[in-house]
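Here is a walk through a two-chain model, written for someone who likes to know the cut-offs. Have the viewer open while you read.

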There are 2 protein chains.
Amino acid sequence: MPQNKAWTLASFPATAVREDDFKLIESPAAAPREGEVLVKNLWLSLDPYMRGRISQQKSYAKGVEIGEVMTGETAGEVLQSKHAKFAPGDKVTTPSGWQLYGCLKGELLTKVDVTRVPLSYFLGCLGMPGRTAYFGLRDIGAPKAGETVVVSAASGAVGSVVGQLARAAACRAVGIAGGRAKCDYVVQELGFDACIDYKAGNLHRDLKEACPKGVDVYFDNVGGETLDTLLRLMNTFSRIVVCGRISTFDQAEPYGLKNSGSILVNRIKVQGMIVFDWLERYPEANKALLDLVIAGKLRYRESVIEGIENAPKGFIGLLKGENFGKQLVKLA
Amino acid sequence: MPQNKAWTLASFPATAVREDDFKLIESPAAAPREGEVLVKNLWLSLDPYMRGRISQQKSYAKGVEIGEVMTGETAGEVLQSKHAKFAPGDKVTTPSGWQLYGCLKGELLTKVDVTRVPLSYFLGCLGMPGRTAYFGLRDIGAPKAGETVVVSAASGAVGSVVGQLARAAACRAVGIAGGRAKCDYVVQELGFDACIDYKAGNLHRDLKEACPKGVDVYFDNVGGETLDTLLRLMNTFSRIVVCGRISTFDQAEPYGLKNSGSILVNRIKVQGMIVFDWLERYPEANKALLDLVIAGKLRYRESVIEGIENAPKGFIGLLKGENFGKQLVKLA
């Protein structure tokens with residue numbers, strides 16, 4: 001069997017994640033048993049949610065334990081199959097985790113069609129992040145034509161899709177991102193109406209100017225102070241999709257939201273979401289997103305780091321906002 | 001015309017409301033013009049929402065200006081009518097404000113049937129507070145049989161109805177109130193399953209014990225630290241009805257909610273509400289609540305202060321939680 005390399009959890013980060021919180025283990029890849037498939041992973045997806053899985057706080061899913069392989073989605077190619085639905089050469093996405101080879105039950109794999117889009121897209125705009133944007137915006141944000149939709153982490157895997165879906169729904173799309181380069185990209189390449197650089201330090205004033213009719217939908221990927229600022233700008237009967245809180249992970253003390261009074265005054269609906277809750281409707285999102293990508297209406301950018309060895313470095317950079325677009329590790 | 005007495009706003013309270021924030025004005029009652037009705041107010045309702053109307057912060061309704069009569073609902077009897085739908089002797093509820101006589105357009109009055117329930121009930125369990133409980137619990141809280149519903153200010157006009165409606169929906173009803181006497185009343189008289197005295201200082205521990213299966217619906221009348229504590233106890237897919245925030249009005253600095261991360265982890269829906277948004281469905285609530293009162297399934301307690309002169313005192317007491325049941329001023 002080929003030699004596998006896998007990142008395991010060495011320690012729970014107290015605040016900021018460090019490279020030595022992970023340990024690289026080498027061993028021969030497992031041989032597939034009846035019903036299993038051996039996959040050579042070509043791409044590993046790095047996503048903010050992984051920070052929650054290595055926190056010891058209660059979360060929506062079981063956390064990674066010390067010594068276990070880090071959680072994560074991969075895209076790869078079937079090497080050996082003992083499952084009737086898969087054959088060598090098939091392209092698949094898998095929940096392998098941070099490793100070069102995955103040996104998994106066939107039921108855990110999703111076969112993907114790479115004749116029209118690159119394999120890696122199935123980890124991003126056509127994968128979990130894309131579906132998150134789709135269901136969160138559609139079912140919770142429920143924007144109507146002419147409304148204003150604001151999304152944070154706007155150049156990222158989820159945010160970029162949210163804004164483009166908002167535009168496709170005839171809404172004003174306003175992003176929030178860190179730094180001029182990301183903001184320029186969000187407006188010029190992704191077609192948002194505006195994008196605010198939160199690092200410029202005038203988030204409330206700048207957003208107010210960019211949203212002259214207030215905010216009807218805020219798709220929150222960051223939590224904390226940004227969410228608090230948006231609460232001051234929300235319209236009557238507006239909606240806040242609580243999707244992520246990347247700004248809050250490394251804080252020893254949680255941020256105290258001061259403007260929750262706006263929820264009452266403006267009759268805001270604030271709702272948390274996890275994409276798994278829409279599992280049965282994934283095909284609907286997959287089709288809608290694929291159609292948009294093929295039609296050129298859903299643009300997408302990847303931030304690629306090379307080699308499994310660099311996965312922790314890439315993850316730490318992602319948590320700091322150093323990525324520019326969907327963060328991937330190219331494994332082969 | 002009879003001599004009217006009316007409380008006007010003298011100054012905006014900086015933090016806690018004081019009696020000298022109001023000024024009593026005497027003048028002859030106005031004579032009704034075409035389409036108007038002169039009402040002798042018998043009861044004035046005092047409600048927490050009034051605190052928001054004399055704040056200079058943005059709220060959901062226009063505030064009271066200096067020199068204007070204080071906002072408020074009354075129940076009374078028609079003295080003179082120049083409107084076809086009303087005749088002397090009719091019992092009505094009105095938005096007269098804090099005064100002995102109201103001279104209003106007939107369209108602003110609601111005729112009520114006092115053959116089976118006392119007139120004052122139409123300011124409480126059969127009025128705005130009752131409808132607030134009904135629509136907030138039913139449409140936002142949407143409790144299912146067997147779920148746990150928690151409500152703060154449980155002995156008050158809204159809270160007492162929420163808990164009894166929850167019981168009628170086969171839910172576990174748990175109240176939060178200030179002091180042993182109110183808690184005993186909530187359990188023994190209103191039939192809640194439990195009631196926690198927040199003044200005892202162990203709100204989280206006591207609630208956890210009273211809600212062994214967690215909390216599915218929290219009907220929030222107080223905001224602040226209580227809401228923050230509930231966020232730690234909410235179940236997956238639970239709902240928070242944000243109806244009031246009486247605990248926050250007098251604070252110079254807003255309370256910072258620390259546990260908003262729970263909204264994401266538990267996919268909570270948090271939604272603000274104002275009963276006016278259900279205006280078209282008032283008859284539905286009125287009928288449902290009246291049926292329950294007549295059937296003896298909706299019990300109700302009033303806290304009565306005598307005389308228009310004492311309205312500010314009663315209002316200040318209400319904001320401090322000194323009332324025990326629906327706060328009314330008996331005007332005649």
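Buried residues make up 54% of the 332 residues in chain A; a residue is buried here if 20 or more other C-beta atoms lie within 10 Å of its own, exposed if 12 or fewer, and partly exposed in between, with C-beta atoms placed from the backbone. This is a predicted model, where local features need pLDDT of at least 70, side-chain atom pairs count only at pLDDT 80 or more, and totals for chains, interfaces and linings use all residues. Residues are numbered from 1 along each chain as its sequence is written, while chains are lettered from A and ligands numbered from 1 in the order in which they are written.

**Chain A as a whole**

A compact globule with 332 residues would have a radius of gyration near 20 Å, and chain A agrees, with 20 Å. That radius is taken over C-alpha atoms, and the globule rule is 2.2 Å times the number of residues to the power 0.38. The C-alpha trace of chain A spans about 60 × 45 × 35 Å along its principal axes. You'll find 9 helices and 15 strands in chain A; these are DSSP runs, with helices as H or I of at least four residues and strands as E of at least two, numbered from the N terminus.

Contacts mean C-beta atoms, placed from the backbone, within 7 Å. Among the contacts in chain A between residues at least 6 apart in sequence, 65% join residues at least 24 apart.

Chain A is divided into domain 1 (3-124 + 301-330) and domain 2 (128-276), with bounds from an automatic or database domain assignment. Their centres, taken over C-alpha atoms, are separated by 28 Å. Between them, 13 residues of domain 1 of chain A are in contact with 13 residues of domain 2 of chain A. The domain 1 side of that contact divides into 5 nonpolar, 4 polar and 4 charged residues. For these classes, Ala, Val, Leu, Ile, Met, Phe, Trp, Tyr, Cys and Pro count as nonpolar, Asp, Glu, Lys and Arg as charged, and the others, Gly among them, as polar.

**A helix on the inside**

Helix α6 (residues 224-231) of chain A is largely enclosed by the rest of the structure, because 6 of its 8 residues are buried. Those buried in α6(A) are Gly224(A), Thr226(A), Leu227(A), Asp228(A), Leu230(A) and Leu231(A). Their cover includes β8 (148-152), β9 (172-177), α5 (203-210), β11 (215-220), β12 and α7 (261-265) of chain A.

The contact takes 25 residues from chain B and 25 residues from chain A. On the side of chain B that touches chain A, α7 (261-265) and β13 (269-272) of chain B are the elements that give two or more residues. By class, that side has 11 nonpolar, 8 polar and 6 charged residues.

| Strand pair | Sense | Bridges |
|---|---|---|
| β12(A) and β13(A) | parallel | 4 bridges |
| β13(A) and β13(B) | antiparallel | 3 bridges |

Within chain A, Val242(A) has Gly272(A) in β13(A) as its bridge partner.

Ala142(B) has phi near 40°, a positive value in a residue other than glycine. Ala142(B) belongs to the loop between α2 (128-141) and β8 (148-152) of chain B, and counts as partly exposed because it has 14 C-beta neighbours inside 10 Å.

Phe237(B) also has a positive phi, near 60°, but sits in strand β12 (residues 234-242) of chain B. With 12 C-beta neighbours inside 10 Å, Phe237(B) counts as exposed.

Notes: Two residues are in contact if their C-beta atoms, placed from the backbone, lie within 7 Å. Two strands pair if DSSP finds at least two bridges between them.
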